[in-house]
Amino acid sequence: MAAIDEEVQLLGSVGSPFVIRVQIALKLKGIEHKYVEEKLGNLSETLLKYNPVYRMVPVLVHNGNPISESRVIIEYIDEAWKQNPILPSDPYKRALDRFWSKFIDEKCTIAAWKSVFMPDEKEREKAREELFEALQFLENELKDKFFGGEEIGFVGIAALFIPLFQEVAEKQLFPGDKFPKLQKWSLDFYNHPVVKEVMPSKEQQFGYFKARAASLAAPSK
């Protein structure tokens, strides 16, 4: 078990939902850390050294050891610091949390991004249909205030893009009458004290997505 006073750094970019995931996990655990801002399109040598494979934020550095990919980082945090568990102790429930968090990244997050930021209207509509199909599974899975219980856990942190994208897009990502449980969850999640403390401003979120879209559109060198 890692000690609280050990060196912890988080390399991130303000507004990144994947960085926000890690920040929420660190806050829930009460882990003191140093935040290092990385600029999209001009990443530091430190970031490239710590994450040469994906060359992206977030990267958590614990006593000099780097961990990348937000879901992997959160699982590491939960194992290294035992207080305030994020994943359930039961192996089957932990497996379900891993399944649904992976589902969110593969079936929901990409479709949500396309439904908001793709320039072609037909492509946005196609992505929206894919998103609705995926969100219906989450709507059926949501049985408590938060995914898995009365406190924020692994799946809820993974799904933060839902309230975040709705905020940035200035429109409903999905209709509340079609997904009433997800609508209520979004409000409860966004208004949670830890989430409110960690969440960047709307302007910062929009700035990140704008910069991210520009970096993806830029020709590779």
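Helix α3 (residues 70-80) lies across strands β3 and β4 and runs at about 125° to β4; contact here means heavy atoms within 4.5 Å. Angles run from 0 to 180 degrees between N-to-C directions, with axes as lines fitted to C-alpha atoms, for helices over the stretch in contact. Helices (H or I, at least four residues) and strands (E, at least two) are DSSP runs numbered from the N terminus. The model is a predicted one, in which local features need pLDDT of at least 70 and side-chain atom pairs count only at pLDDT 80 or more, while totals for chains, interfaces and linings use all residues. Residues are numbered from 1 along each chain as its sequence is written, and side-chain values use heavy atoms, with hydrogens and water left out.

Helix α1 (residues 17-29) lies across β1 (8-12), β2 and β3, at about 155° to β1. The sheet itself is open and consists of four strands in the order β2-β1-β3-β4, with mixed pairing; two strands pair if DSSP finds at least two bridges between them. Its edge strands, β2 (34-37) and β4 (65-68), each pair on one side only. On average, neighbouring strands of this sheet are turned by 20° against each other, direction ignored. Strand β3 (residues 59-62) and β4 run antiparallel and are joined by four bridges, and H62 stands opposite N65 in β4.

The largest pocket has a volume of about 900 Å³. A pocket is an open set of points on a 1 Å grid over the protein atoms alone, where a 1.4 Å probe fits, with protein on both sides within 12 Å along at least five of seven lines; lining residues have an atom within 4 Å of a point. Grid points are joined across faces, edges and corners, and the volume is the space filled by probe spheres set on the points. The lining comprises 30 residues, of which F18, M56, V57, Y208 and R212 lie nearest the centre of the pocket. Elements giving two or more residues to this lining are α1, α3, α4 (91-117) and α10 (202-217). The largest pocket lies between domain 1 (8-84) and domain 2 (91-198), because both give residues to its lining; the domain bounds come from an automatic or database domain assignment.

The second largest pocket holds about 580 Å³ of space. Of its 23 lining residues, D97, F147, G148, G149 and G153 are the closest to its centre. Helix α4 provides the largest share of this lining, four residues.
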